[in-house]
Amino acid sequence: MAKSKQSPLRSAQRGQVIGRKRPSLSSTVRGISKSQPRRKRRLRAGEGALKEIRLYQKSTGLLMRRLPFARLVREIQQGLTREPYRWQAAAILALQEASEAH
């Protein structure tokens, strides 16, 4: 009688239980730990700048501090004329608001 090939044993024949799922990889094995918060998604190129522009357009406050701007005004004025001027606070504030609105 000729020998026939034996088929490989199926998983049920090897002693394993049918219907059992493979154990899933835990989140720490995949690199995500449950204790760490998820990272923020990255913005596309230029999206952060546009967000910042919208933020500054909505705000009504001054962008530069008053004292550094006053120093700048006095420095420019001194370069144009050698005489020291006395500036009123309202005049410097008006210049600052006009320059930031431009």
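Reply: A helix is a DSSP run of type H or I with at least four residues, and helices are numbered from the N terminus. The model considered here is predicted. In it, K51 lies in helix α1, which covers residues 47-58.

Me: Why is K51 called exposed?

Reply: The relative accessible area of K51 is 51%. Exposed means a value over 50%, and K51 is therefore exposed.

Me: What makes K51 part of a positive surface patch?

Reply: The patch is formed by K40, R41, K51, R54 and K58. Lys and Arg count as positive. Patch residues need over 30% relative accessible area and no salt bridge, and like charges are joined within 9 Å.

Me: Why is Q96 called buried?

Reply: Q96 is found in helix α3, residues 89-101. Its relative accessible area is 1%. Buried means under 20%, so Q96 is buried.

Me: Which residues is Q96 in contact with, leaving aside its neighbours within four places in sequence?

Reply: They are L62, M64, R65, R66 and F69. Contact here means heavy atoms within 4.5 Å.

Me: How many residues of the protein chain are buried, as a percentage?

Reply: Buried residues account for 8% of the 102 residues.

Me: What pattern does the protein chain follow along the sequence?

Reply: The pattern is α-α-α, and the chain has three helices and zero strands.

Key
Residues numbered from 1 in each chain as written. Predicted model: local features only at pLDDT ≥ 70, side-chain atom pairs only at ≥ 80, totals over all residues. Heavy atoms only, no water. Patch = residues over 30% accessible without salt bridge, like charges linked within 9 Å, V, L, I, M, F, W, Y side chains within 5 Å. Areas by Shrake-Rupley, 256 points an atom, 1.4 Å probe, with all protein chains shown as cover. Salt bridge = Lys/Arg side-chain N within 4 Å of Asp/Glu carboxyl O. Charge placed at Lys NZ, Arg CZ, Asp CG, Glu CD. Helix = DSSP H or I, 4+ residues; strand = E, 2+ residues; numbered from the N terminus. Buried < 20%, exposed > 50% of the residue type's maximum accessible area, 1.4 Å probe, protein only.
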